[in-house]
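Biologist: Please take a close look at one part of this model, the salt bridges and what surrounds them. I would like one connected account.

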Amino acid sequence: MHWDRLFENLEGQLAAEWESERAALDAESERLRISRLELRSRLRILCAAAAPATVDLPGHRLRLRLQSLGADWVAATMTDGEASSSRAVRIIPLHAILGVSTDHGLLLSSLDENEPLMPSLRERMTLGFLLRDFARRRVPVRIIGIDGADLHGTVDRAGADHLDLALHDPGTARLAGAVQSFRLIPFAAVASVQTAGGQMP
């Protein structure tokens, strides 16, 4: 009887040690998996949930509802402020994002692995592709620079890493008489591009 209890105690201790070791390995495996996650992967899940979020940009803090993810940008609709009534859409280059605040549950759910085998066409569209489309359709835009510049106009051309903006007053068409000046803007200097009327990419 004494020996039986001794062996039962030893078996219990061994099982507890194995369980503890397995839990430590699982925790380390999870830490390694999370260390490989990219911002895009987490934003993909937040966009799929149409997550309300506060996005910090250089000099700006925007309350938005995340909607779409591209190759190097995220699109969101305004949830408050002057633009909410016009259903304005903001295109935010990923390089301009300083932080994203959202519900803790949504933040945790964005840790789930959800990498598609084949990214959608939208997820392969670059900022340059979107801006070339805006230029082709003559969509009026408001560009906020990372330096705080607030520019209104129409994209005339978009190159590999920059755009040409014809500056004119908001709400006016891009006519020769309305254009006040032209500005060449590197994509790296863009914090957000706003379109009116729900022009979601």
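Modeller: Arg138 has a relative accessibility of 43%, so the residue counts as partly exposed, the band between the 20% and 50% limits. This is a predicted model, and the values below are computed from it.

Arg138 forms a salt bridge with Asp156, with 3.3 Å between the closest N and O atoms. Arg138 sits in the loop between α5 (127–137) and β6 (140–145), whereas Asp156 belongs to strand β7 (residues 150–158), so the pair ties together parts that are 18 residues apart in sequence. Asp156 counts as buried because its relative accessibility is 11%.

Asp156 also takes part in a salt bridge with Arg174, and here the closest N and O atoms are 2.8 Å apart. Arg174 is in the loop between β8 and β9 (181–186) and Asp156 is in strand β7, so this pair, too, ties together parts that are 18 residues apart in sequence. With a relative accessible area of 25%, Arg174 is partly exposed.

Both Asp156 and Arg174 are in contact with Ala166. Ala166 is part of strand β8 (residues 162–167), and its relative accessibility of 0% means that Ala166 counts as buried. Beyond its neighbours within four places in sequence, the contacts of Ala166 also include His152, Gly153, Thr154, Val179, Ser181 and Phe182. Pro140 is 26 residues from Ala166 along the chain, and their C-alpha atoms are separated by 9.7 Å.

The salt bridges come to nine in the count. One of them joins Glu123 and Arg44, with the closest N and O atoms 2.8 Å apart. Glu123 is in helix α4 and Arg44 in helix α2, so the pair ties together parts that are 79 residues apart in sequence. Glu123 and Arg44 are both buried.

Arg40 and Arg44 are among the buried residues of α2, along with Ser41, Leu43, Ile45, Leu46 and Cys47. Helix α2 (residues 39–48) is mostly covered, with seven of its ten residues buried. The elements that cover these buried residues include β2 (60–69), β3 (73–78), α3 (104–109) and α4 (121–124). Just after α2, Ala50 has a positive phi of about 50°.

Methods
Residues are numbered from 1 along each chain as its sequence is written. This is a predicted model: local features need pLDDT of at least 70, side-chain atom pairs count only at pLDDT 80 or more; totals for chains, interfaces and linings use all residues. Side-chain values use heavy atoms; hydrogens and water are left out. Helices (H or I, at least four residues) and strands (E, at least two) are DSSP runs, numbered from the N terminus. Buried means under 20% relative accessible area, exposed over 50%, partly exposed in between (1.4 Å probe, protein chains only). Contact means heavy atoms within 4.5 Å. A salt bridge is a side-chain nitrogen of Lys or Arg within 4 Å of a carboxyl oxygen of Asp or Glu.
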